[in-house]
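The sequence and the structure are shown first.

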Amino acid sequence: MVSLAHLRLRYNQLECGLPKSFSNLTRLQTLYLDNNNLTEELHEFLQKLSGVENSLQDLEVGSNRLTGPLPDFTRFSSLQILFLNFNQLNGTFPEAFGQLPTLTALGLSGNQIKGSLPDLTVFPSLTDLRVGRNQLKGIDKSIGTLSKLHFLDASHNSLEGIISEAHFSNLSSLSFLDFSYNSLLSFNFSSDWVPPFKLHSIRLASCKLGPHFPKWLRNQNRLSDIDISSAGISENVPSWFWDGSMGLGYLNLSHNQISGLFPDLSLNFFCNPCGMDLSSNNFSGPIPPVPPNVTFLNLSKNKLLGLVSFLCAINGKYFKYLDLSNNLLSGELPDCWSQFTVLSVISLAYNNLSGEVPSSMRSLLQIEALQLCINNFSGKFPPLEGCTLLKFIDLGGSRLTGEVPSWIGRNLTSLIVFSLRPNEFNGSIPQLVCHLSRIQILDLSQNDLSGNIPPCFESFTALIQSNSSAAKFVFSHDDVTAIIFSRSLIGSTLVQWKGQEMEYANNLGLLKTVDLSRNKLVGNIPKQVWSLAGLVSLNLSRNYLSGEIIEEIGQMKRLESLDLPTNRLSGKIPTSLANLNFLGKLDLSNNNLSEKIPSCTQLQSFEVAAYSGNPELCGLPLSEKCPGEETPPEPSFSGHGKDEMIHDDEDGWINLEFYLSMGLGLILGFWGVLGTMILNSKCRLAYFKCLGHTNDWICLTTALIMAKLQKKLCS
């Protein structure tokens with residue numbers, strides 16, 4: 001073992017620290033211990049490698065739990081590669097971080113290192129520098145001297161200040177540049193600056209590049225991906241950029257204020273495959289042809305108009321993600337969806353699309369999210385019975401008719417979000433809907449549904465669980481660029497929340513709601529509904545529901561909003577309702593509830609409107625008093641004489657004689673004591689002598705207590 005030169009133990013379950021016997025491996029050159037569970041201090045770890053200070057060339061200990069500050073690595077004179085990524089290292093770079101002229105790769109990403117990068121001239125051979133996902137604030141201009149540097153990642157820090165030409169002055173070998181998600185970092189280059197490098201990848205999301213489109217990109221003709229999203233750019237994209245983007249595999253210009261028309265993107269991108277995110281801008285006009293091998297296409301939140309027939313020219317072999325929501329698109333959907341064999345996300349919401357949903361959508365066997373809400377679609381429910389991977393369906397805000405198909409509960413058992421509000425669906429809620437054990441948002445409101453609520457809600461496992469863990473809307477993308485760059489893989493959906501229509505996007509998975517309001521449902525509310533302990537919002541308003549609200553409602557401990565108005569509910573309000581500590585919105589108005597509102601701070605804190613329209617309901621906060629709570633009438637004074645002004649009933653004892661006796665007693669008591677002291681000198685002297693003794697006793701006792709306390713504190 002003494003002659004061991006290479007040791008690779010990565011991707012195991014090694015724990016604790018390095019054995020002391022490692023100091024005997026005097027010829028060790030390569031040590032790979034990454035992706036284990038090592039937990040010791042970094043300086044202690046390096047102490048056990050004292051025997052290899054002259055031989056160790058490659059040390060990779062990333063993805064462990066090493067702690068402590070960065071030490072001086074100078075003693076490892078032969079070190080070429082040092083990877084300590086994704087540990088728990090902290091502190092700042094020490095002044096003597098190391099004189100390592102042979103170091104070619106340094107990885108410190110995913111730690112808690114603060115301060116600024118050190119003087120990097122001590123690493124003249126550095127080709128790979130990874131310091132992303134720390135808490136760094138400054139970057140030294142000495143980075144511009146690293147002429148051999150190929151890879152630079154300083155993303156997800158707190159870098160601030162200005163990046164100028166000096167930072168890149170000699171980086172002629174640079175091919176990968178990532179300063180993304182440093183929102184206080186500005187880039188300031190002269191308009192005629194020509195960078196010394198030819199980059200393959202530029203990632204500057206959430207940095208300050210605008211308002212002008214960066215002209216220094218003009219000579220970057222080797223790019224494979226570029227992300228300059230959220231960069232404050234408000235200028236049109238120049239034609240030279242579109243013309244020089246033929247080799248791009250991924251383009252992200254989203255969340256800027258870029259306007260203008262799209263060119264024919266199919267002529268500018270010859271990628272195989274490629275992704276494009278141009279969302280949240282001001283692009284206008286019709287959508288031109290896009291690259292046929294596109295994998296990821298997000299043009300949402302622009303001002304695009306016209307038809308979506310361009311979709312049929314896309315090669316379905318690669319196409320996985322489509323988002324055209326929040327535009328001005330119109331017309332009918334093309335019937336060519338059967339060619340998209342791997343498409344997993346479709347969002348066409350918030351447009352003016354019309355006609356029936358094409359029958360070819362039944363061929364989307366990999367679809368996981370379908371969002372067609374807020375359009376003018378008509379016809380029956382789309383034929384999606386074969387789309388068994390669906391997790392998210394939002395078809396609300398159209399004019400779809402017919403019955404809700406029963407195969408939804410039988411075939412689409414992975415559904416988490418199912419929203420049909422508002423539409424014109426009729427018939428009853430199918431019993432098989434209760435097979436949706438993962439459902440978290442069930443919204444069938446504002447339709448024409450009738451019949452009873454199915455008595456099987458206890459099958460909604462995700463709504464019964466009272467933990468706060470949210471479903472993750474993660475979809476099956478193999479395209480690495482889509483996973484890295486996309487901000488969200490699904491848009492948003494409208495939810496009736498606490499009496500208001502609200503749009504939820506990134507936090508959609510936190511909601512657990514059932515909304516069956518504004519239908520024609522009848523019968524009692526099934527007791528299984530009250531067993532949904534994890535439910536956050538329940539809205540059954542504006543139906544024809546009858547029966548009582550039973551005590552089991554107290555099981556819904558996480559309920560924040562309860563809407564039951566405009567039904568035919570009767571009986572008393574259960575006292576267990578007062579146990580719902582998170583309840584912030586309550587509406588029981590316009591029913592037939594009766595008796596007294598349970599007395600508790602929770603229920604009395606709601607407005608009168610929450611209980612109004614129940615003629616037989618009484619008690620606070622209503623003004624109607626319950627039987628036995630009437631206030632006795634105030635005595636009236638009609639002025640028929642002095643006898644009535646001094647009213648004395650049979651049980652009264654505070655009368656005129658009482659006040660006379662009290663005044664006489666006060667006079668006799670006061671002057672009896674004071675007069676004796678004035679007239680009798682012996683009594684006066686005895687009184688003042690007693691006061692003196694009392695004062696002396698109080699002072700002495702206080703002094704003794706303070707002395708004991710001081711002695712105890714000193715010991």
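## Disulfides

Cys618 is buried, with a relative accessible area of 7%; buried denotes under 20% relative accessible area, exposed over 50%, and partly exposed the range in between, computed with a 1.4 Å probe on protein chains only. The structure is a predicted model, in which local features need pLDDT of at least 70, side-chain atom pairs count only at pLDDT 80 or more, and totals for chains, interfaces and linings use all residues. Residues are numbered from 1 along each chain as its sequence is written, and side-chain values use heavy atoms, with hydrogens and water left out.

The partner of Cys618 in a disulfide is Cys626, at an S to S distance of 2.0 Å; a disulfide is assigned to a pair of cysteine sulfur atoms within 2.5 Å. Cys626 is buried as well, at 5% relative accessibility. The link of Cys618 and Cys626 is right-handed, with 105° about the S-S bond. Three disulfides are found in a search of the whole structure.

The sulfur atoms of Cys312 and Cys336 lie 2.1 Å apart in another disulfide. This disulfide is left-handed because the torsion about the S-S bond of Cys312 and Cys336 is about -90°. Cys312 lies in the loop between E24 and strand E25 (321-323) and Cys336 in the loop between E26 and strand E27 (345-347), so the bond ties together parts that are 24 residues apart in sequence. Strands (E, at least two residues) and helices (H or I, at least four) are DSSP runs numbered from the N terminus. Cys312 is partly exposed at 33%, whereas Cys336 is buried at 10%.

In the disulfide of Cys434 and Cys456, the sulfur atoms are 1.9 Å apart. The torsion of about 70° makes this disulfide right-handed. Both Cys434 and Cys456 are buried.

## Strand E26 and its partners

Strand E26 (residues 328-332) has a covered face formed by Leu329 and Gly331, while Leu328, Ser330 and Glu332 form the uncovered one. Strand E24 (residues 303-306) runs parallel to E26 and is joined to it by two bridges; pairing requires that DSSP finds at least two bridges between two strands. Within this pairing, Gly306 stands opposite Leu329.

E26 also pairs in the parallel sense with strand E28 (residues 352-356), over three bridges. Here Leu353 is the bridge partner of Gly331.

## Salt bridges

The count of salt bridges comes to 11, the criterion being a side-chain nitrogen of Lys or Arg within 4 Å of a carboxyl oxygen of Asp or Glu. In the salt bridge of Arg421 with Asp443, the closest N and O atoms are 3.4 Å apart. Arg421 lies in the loop between strand E33 (417-419) and strand E34 (424-428), and Asp443 in strand E35 (residues 441-443), 22 residues apart. Both residues, Arg421 and Asp443, are buried.

For Asp128 and Arg130, the corresponding distance is 2.8 Å. Asp128 is buried at 12%, and Arg130 is partly exposed at 27%. A network of salt bridges links Arg10, Asp34 and Glu60.

## The surroundings of Asn87

Asn87, in the loop between E7 and strand E8 (88-92), is buried at 6% relative accessibility. Its side chain reaches the backbone nitrogen of Leu66 at 3.0 Å. A polar atom of the Asn87 side chain also lies 3.3 Å from the backbone oxygen of Asn85.

Terms used
Polar contact = N/O pair within 3.5 Å; in protein donor to acceptor, adjacent residues only side chain to side chain.
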